[in-house]
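Please read the briefing below alongside the sequence and the three-dimensional view.

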Amino acid sequence: MKTNSKVVEYHLEASAFSWEISTGKSIEAWGFNKQVPGPELRANVGDTLVVKVTNKLSEPTTIHWHGIRLPAEMDGTDAVQKPISPGETFEYRFVLPDAGTFWYHAHSNETVQMERGMYGALIVEDSTEEIMTDAERVFIIDDMKLDAKGAFTKPRWFIPRVVERHDGRQGDTLLINGKENPIIEMSAGHLERWRIINATSARYFDLYLGGNEFSIIGTDGGLLESPIPVKSQLITPGERFDIVVGPFDEGDVFSLESLRYNRMTFLRPKPEKFASIRVGRPVPSVAHVPDTLRTIVQLAVSNAEINRRVELSVGLSFKDGMDFLINGSTHVNDNPVKVAELQVWEVVNASLMDHPFHLHGFFFQVLEENGTKPSYTAWKDTINLKPRSKVKIAWMPDNRPGTWMYHCHILEHHQAGMMANFEVVADGMPIKEMPRTHKHH
Ligand code: C2O
Ligand code: CU
Ligand code: CU
């Protein structure tokens with residue numbers, strides 16, 4: 001550990017409050033410190049993060065630190081902690097081992113608590129990174145499904161209830177950092193780093209900046225090896241992408257929008273605008289984005305032997321219309337894995353709709369997608385599976401025994417059973433350090 005590591009402390013108070021999403025338009029939000037998103041938490045890699053969470057809601061909650069490689073007891077699921085009762089305070093405390101764009105969110109009654117705004121960004125910086133941009137922004141994408149009066153309602157009747165369970169809750173109130181259609185002002189000539197977090201319940205956000213090219217520099221588990229230029233990037237629920245945008249010319253105006261993406265539900269896919277970007281006067285740039293960002297050590301060869309198969313599927317249910325399944329069952333207890341034993345999993349989507357698969361507490365590398373090696377190496381904790389597709393992932397259980405989980409990050413699917421708990425068990429063998437990343441110089 002670096003010697004200059006600090007203890008960084010925050011206090012989050014969960015409560016219900018009124019939140020203005022645009023002028024004169026307020027919602028009955030639930031969130032942290034009376035804001036949506038909750039406060040942005042920032043620290044440096046190696047720091048110890050201490051977050052005291054006080055629950056002023058009328059129901060229990062837990063907070064999950066999505067993407068952080070923390071001890072199992074701090075993961076914020078109800079498998080590892082007693083939910084924080086109304087009036088209680090719980091202290092989360094863990095070291096931040098990786099730099100990157102992470103986030104925190106409620107992990108109790110998620111389909112209600114997250115839908116109403118219980119999420120925020122957790123940014124872990126690394127001062128040795130060589131990337132220099134003119135500005136950095138964090139954009140948290142969300143949508144809310146509200147009735148004509150701006151209230152959260154739940155479908156009462158069987159069919160609409162089944163449809164929401166099937167599609168996931170996707171609404172027409174589109175938010176960036178808790179606001180509808182904000183205007184983002186940039187300076188001409190600048191390169192900015194944008195950290196984008198998809199905090200929606202179910203929306204597939206296919207980022208598009210009016211046709212302007214941008215570079216992906218990082219994803220769930222931090223930087224890529226080198227920037228990847230693109231014109232759009234799909235960001236599924238739970239995923240993060242760090243991008244570099246610009247330079248633009250003075251007077252440029254374009255939208256930050258999501259392209260049409262058909263995830264094979266009852267919803268009609270359409271392009272949707274989340275924000276407007278306006279480029280003002282030029283300001284000299286100090287930005288520098290190196291061609292090599294870091295080296296990522298390959299965890300396994302692409303034809304490594306598979307030691308577990310996880311199948312996502314949909315089944316019929318008399319009570320709820322349909323269930324969302326892992327290996328044929330809902331809310332599964334999967335087999336344990338051993339510390340330091342490389343995991344090579346084949347995750348199969350046998351259903352006819354997309355699912356974002358999320359693993360808690362560990363990063364994986366995608367070895368193959370439908371039999372082909374992905375075009376670049378990355379550390380991921382959430383990966384989309386298209387209908388009737390499969391991915392082969394590798395991950396290393398480092399020495400953090402305890403109960404962990406994986407699930408579909410469409411919250412309604414998670415709730416409807418598409419999740420599993422499993423144990424990471426120490427086997428008495430000497431533990432190898434997890435082969436992770438090396439900075440490139
Ligand atoms: Cu953001 Cu259980 O996950
Ligand atoms: Cu998570
Ligand atoms: Cu799903």
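Leu224 is found in strand E16, where helices (H or I, at least four residues) and strands (E, at least two) are DSSP runs numbered from the N terminus. This is a predicted model, in which local features need pLDDT of at least 70 and side-chain atom pairs count only at pLDDT 80 or more, while totals for chains, interfaces and linings use all residues. Residues are numbered from 1 along each chain as its sequence is written, chains are lettered from A and ligands numbered from 1 in the order in which they are written, and side-chain values use heavy atoms, with hydrogens and water left out.

- Leu224 is buried, with a relative accessible area of 1%; buried means under 20% relative accessible area, exposed over 50%, and partly exposed in between, using a 1.4 Å probe and protein chains only.
- Strand E15 (residues 214-219) and strand E16 (residues 222-230) run antiparallel and are joined by five bridges, two strands being paired if DSSP finds at least two bridges between them.
- A hairpin connects E15 to E16 through two residues, and Thr219 stands opposite Gly222 in E16.

**Copper site**

- The copper ion (ligand 2) has His64 (NE2) and His358 (NE2) as its protein donors, lying 1.9 Å from it; donors are N, O and S atoms within 2.8 Å of the metal (3.2 Å for Na, K and Ca), and water is not among the atoms, so sites may look incomplete.

**Salt bridges**

- The structure holds 34 salt bridges, each being a side-chain nitrogen of Lys or Arg within 4 Å of a carboxyl oxygen of Asp or Glu.
- Lys6 forms a salt bridge with Asp47, with the closest N and O atoms 3.3 Å apart; the pair links distant parts of the chain, Lys6 lying in the segment before strand E1 (7-22) and Asp47 in the loop between strand E3 (41-44) and strand E4 (48-55), 41 residues apart.
- Within this pair, Lys6 is partly exposed, with a relative accessible area of 42%, whereas Asp47 is buried, with a relative accessible area of 2%.
- Lys52 forms a salt bridge with Glu9, the closest N and O atoms being 3.0 Å apart, and since Lys52 lies in strand E4 and Glu9 in strand E1, the pair ties together parts that are 43 residues apart in sequence.
- Lys52 counts as partly exposed at 29% relative accessibility, while Glu9 is exposed, with a relative accessible area of 51%.
- Arg69 forms a salt bridge with Asp398, the closest N and O atoms being 3.8 Å apart; Arg69 lies in the loop between E5 and strand E6 (89-95) and Asp398 in the loop between strand E30 (389-395) and strand E31 (402-408), so the pair ties together parts that are 329 residues apart in sequence.
- Arg69 counts as buried at 13% relative accessibility, and Asp398 is buried, with a relative accessible area of 13%.
- A network of salt bridges links Glu40, Arg42, Glu125, Glu129, Glu136, Arg193, Arg195 and Asp242.
- Glu180 forms a salt bridge with Lys25, for which the closest N and O atoms are 3.1 Å apart.

**Domains and their contact**

- The domain assignment of the chain gives domain 1 (7-125), domain 2 (135-282) and domain 3 (308-425), these bounds coming from an automatic or database domain assignment.
- The C-alpha centres of domain 1 and domain 2 lie 21 Å apart, and the contact between them takes 28 residues from domain 1 and 29 residues from domain 2.
- About 2300 Å² is the area buried between domain 1 and domain 2, of which carbon and sulfur atoms give 55%; buried area is the accessible area (1.4 Å probe) that two parts lose on being put together, summed over both.
- Ile21, Thr101 and Glu115 supply 31% of the area that domain 1 buries against domain 2, more than any other three residues.
- Between domain 1 and domain 2 the count is three salt bridges.

Methods. Contact = heavy atoms within 4.5 Å.
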